[in-house]
Amino acid sequence: MSRLRIPVERADALVRAFRARVGLVDQADGFVDLQVWQSDRDAGELIMVSRWRDRAAFTAYMRSAEHKRSHARIPGDLDDAIALERLEHLHTYEVVAD
């Protein structure tokens, strides 16, 4: 889970960038899904939540060429406007009931 901060006037551009993502992560071994949440109280606060089979799969992707290519697509001025406020790795949980 990554808590991102961006000036409110740039938030729409960041949301558009997530919607237009190239999707290389979707093919990564162990990737489950990705969601981006925007605060209803502060449009400049976004949380990116990605789920993985396990921490090793996440770590492997973060070190991959695909991760570098995905992030290289972000325009420099938009990338400069993004502040990572917090990165949190949650424990791996197994779904035991639906």
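**Entry 1: S64**

I started with the side chain of S64, which reaches the backbone nitrogen of H67 at 3.1 Å. I looked up where S64 lies: in the loop between α2 (55-62) and α3 (65-72). S64 counts as buried because its relative accessibility is 13%, and buried means under 20% relative accessible area, with exposed over 50% and partly exposed in between (1.4 Å probe, protein chains only).

A note to myself on the source: this is a predicted model, where local features need pLDDT of at least 70, side-chain atom pairs count only at pLDDT 80 or more, and totals for chains, interfaces and linings use all residues. Residues are numbered from 1 along each chain as its sequence is written, and side-chain values use heavy atoms, leaving out hydrogens and water.

**Entry 2: aromatic rings**

I searched the whole structure and found three aromatic pairs. One of them is W52 with F58, edge-to-face at 5.8 Å centre to centre and 70° between the planes. (Rings of Phe, Tyr and Trp, the last by its six-membered ring, pair if their centres lie within 6.5 Å; planes under 30 degrees apart are stacked, over 60 edge-to-face, the rest tilted.) W52 is buried at 14%, and F58 is buried at 16%. Which residues form one aromatic cluster? I noted F31, W52, F58 and Y61.

**Entry 3: helix α1**

Next I looked at α1 (residues 8-19), a helix of 12 residues. Its buried residues are A11, A13, L14, V15 and F18. What do they pack against? I wrote down β1 (2-5), β2 (31-38), β3 (45-52) and α4 (76-81).

Conventions:
Helices (H or I, at least four residues) and strands (E, at least two) are DSSP runs, numbered from the N terminus. The expected span of a helix is 1.5 Å times one less than its number of residues. Contact means heavy atoms within 4.5 Å. A polar contact is a pair of N or O atoms within 3.5 Å; within protein, one must be able to donate a hydrogen and the other to accept it, and residues adjacent in sequence count only if both atoms are side-chain atoms.
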